[in-house]
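Have the model open while you read.

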Amino acid sequence: MKIPSQNFIVKGTVYPFDVMFSLNQTDDELTAYLRGKTKNYKRSVKELALSSTSQGKSLMTNENQTIVRLIKFDDSPQQKGYLTHEIFHACSFILHEAGVEYKFDISDEAYAYLIGWLTQEFYSNLKTKK
């Protein structure tokens, strides 16, 4: 299954923080998208640039917008692993802002539920080509 270049936002529900996913977008495509949304993303575009050996990156902007970028995303198990890795980072940013620090047997369920929900939302929004 082919995954076309795309960008979508998963709206936060329990925690008021949205997550934007950028998949298979070039630096120019991502820059154009972000500049079209708001000038505040200018700094984030530079921070989201990836080296030739990087598969993905996540960050939270000064505006509390979490961005997950994967530049070679496809349906392979390896790429799904990279997605899971970046979703964990996104959840860590969100829960940190909400005042929830990771501690086993105290907050691990909050992390697990948010990771599961965000993964479901990712696949619900993902556009594919057959």
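1. Contact here means heavy atoms within 4.5 Å. Helices (H or I, at least four residues) and strands (E, at least two) are DSSP runs, numbered from the N terminus. This is a predicted model, where local features need pLDDT of at least 70, side-chain atom pairs count only at pLDDT 80 or more, and totals for chains, interfaces and linings use all residues. Residues are numbered from 1 along each chain as its sequence is written, and side-chain values use heavy atoms, leaving out hydrogens and water.

2. Look at H3 and H4 first. From H3, residues including Lys80, Leu83, Ile87 and Phe88 meet residues of H4, among them Ala110, Tyr111, Leu114 and Phe122. The contact residues divide into 14 nonpolar, two polar and one charged (Ala, Val, Leu, Ile, Met, Phe, Trp, Tyr, Cys and Pro count as nonpolar, Asp, Glu, Lys and Arg as charged, the others, Gly among them, as polar).

3. Now the salt bridges (a side-chain nitrogen of Lys or Arg within 4 Å of a carboxyl oxygen of Asp or Glu). The count comes to three. Asp27 pairs with Arg69, with the closest N and O atoms 2.8 Å apart. That pair links distant parts of the chain, Asp27 in helix H1 (residues 27-37) and Arg69 in strand S4 (residues 66-70), 42 residues apart.

4. Is Arg69 buried or exposed? Arg69 is buried, at 2% relative accessible area, while Asp27 is partly exposed at 39% (buried is under 20%, exposed over 50%, partly exposed in between, with a 1.4 Å probe and protein chains only).

5. Lys80 also forms a salt bridge with Asp75, the closest N and O atoms being 3.2 Å apart.
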